[in-house]
Amino acid sequence: MSTEAPVASAAQVALRHRRSVRRLSPGQLGDLSEAITLGQKIKDDRGYQAWAGIHGLPLPISCRHSSPLFLTWHRAYLYFFEKTLQDRVPGVTLPWWDWTVERGAGIPSHYKKAPLASSPIQPSGRRNPNEKRTWRELGQPSWQPTQPEVTAVLENSSFAIFQSQLEEIHNRVHGWVGGTMGDPSVAAYDPIFWAHHGMIDRLWYLWQLKHPGFRFPQAYLEIALPPFSMTVRQTLDITRLGYDYAAGTAAVAGTRHG
């Protein structure tokens, strides 16, 4: 499992564009599905199960919730998980799920079919021995966030208030999907977890664009984000991490489908 921080500058990195789940081309969906499938076959710490377990079970639980590091930790988590998928399928990126657009439509269709519909849960990651796979139990559509709610959150000039309100929205989506996603200790085993957190990371990116004058408090910048060899400072510019968020399907060409 490689958790080493990136060293390339933005000028050295060809940006990869994370795309909306709704705008994935057949080739891009195929690459994602193949990368997830191959990752599930790896039983050591490079595999899907090991990466899902970082978020919660098996202990120790590493995720940061209700914390000033909520957004930075999860950005590092997605970044390193995406890199492991790219080790399997070069050029693949994690999509994002806009649950405001999908409001009332339920789970995106791609995530109702294997391998994105569910995942095995490794024995050490189970809340009880019988919970061998992820499952979902959708709540009422009214639980899903609306675009006006998200727009209001993005208007906050205070990062602390923005992050707190965004985390509350994040929690509602976890609760709405229900089942495995409703419990942080096992949520990352469900493949839709990554698309949900892609949306959260995208909203933080949009907030950064909207509030370019914001500067993280100096005291936080060099804080590490274990188990990743990355500091808060190193998460703040996604172009230095080699990705951004595409409005459509256009992207820098990769070795596969870009």
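Close-up 1. Tyr245 is buried, at a relative accessible area of 11%; buried means under 20% relative accessible area, exposed over 50% and partly exposed in between, with a 1.4 Å probe and protein chains only. Tyr205 is buried as well, at 17%. The model is predicted: local features need pLDDT of at least 70, side-chain atom pairs count only at pLDDT 80 or more, and totals for chains, interfaces and linings use all residues. Residues are numbered from 1 along each chain as its sequence is written, and side-chain values use heavy atoms, without hydrogens or water.

**Close-up 2. Aromatic pairs, with Trp73 and Phe228 in view.** Rings of Phe, Tyr and Trp (its six-membered ring) pair if their centres lie within 6.5 Å; planes under 30 degrees apart are stacked, over 60 edge-to-face, and the rest tilted. The count comes to 22 aromatic pairs. Trp73 and Phe228 make a tilted pair, 5.5 Å centre to centre with 50° between the planes. Trp73 belongs to helix H3 (residues 70-88) and Phe228 to strand E3 (residues 228-231), so the pair links distant parts of the chain, 155 residues apart. Helices (H or I, at least four residues) and strands (E, at least two) are DSSP runs, numbered from the N terminus. Both Trp73 and Phe228 are buried. The Tyr205 and Tyr245 rings have centres 5.9 Å apart and planes at 40°, so this pair is tilted. Tyr205 sits in helix H6 (residues 192-210) and Tyr245 in strand E4 (residues 243-245); this pair links distant parts of the chain, 40 residues apart.

**Close-up 3. A cluster of linked rings.** Ring pairs join Tyr48, Trp51, Trp73, Tyr77, Tyr79, Phe80, Phe81, Phe193, Trp194 and Phe228 into a cluster.

**Close-up 4. Arginines over aromatic rings.** The charged end of Arg18 sits over the ring of Tyr243, 3.7 Å from its centre. Arg75 lies over the face of Trp204, at 3.7 Å from the ring centre. A charge sits over a ring if NZ of Lys or CZ of Arg is within 6 Å of the ring centre and within 35 degrees of the ring normal.

**Close-up 5. Helix H1 and its packing.** H1 (residues 26-41) has 16 residues. From first C-alpha to last it reaches 23 Å, close to the expected 22 Å; the expected span is 1.5 Å times one less than the number of residues. Its buried residues are Gly27, Gln28, Asp31, Leu32, Ser33, Ala35, Ile36, Gly39 and Gln40. These pack against helix H2 (48-55) and H3, where contact means heavy atoms within 4.5 Å.

**Close-up 6. Salt bridges of Arg127.** A salt bridge is a side-chain nitrogen of Lys or Arg within 4 Å of a carboxyl oxygen of Asp or Glu; the count comes to eleven. Arg127 meets Glu131 at 2.5 Å, N to O. Glu131 is buried at 7% relative accessibility, whereas Arg127 is partly exposed at 34%. Arg127 also bridges to Asp183 at 3.0 Å, N to O. Arg127 lies in the loop between H3 and helix H4 (147-154), and Asp183 in the loop between helix H5 (159-177) and H6, so the pair ties together parts 56 residues apart in sequence.

Close-up 7. Lys210 is partly exposed at 42% relative accessibility, and Glu155 is partly exposed at 46%.
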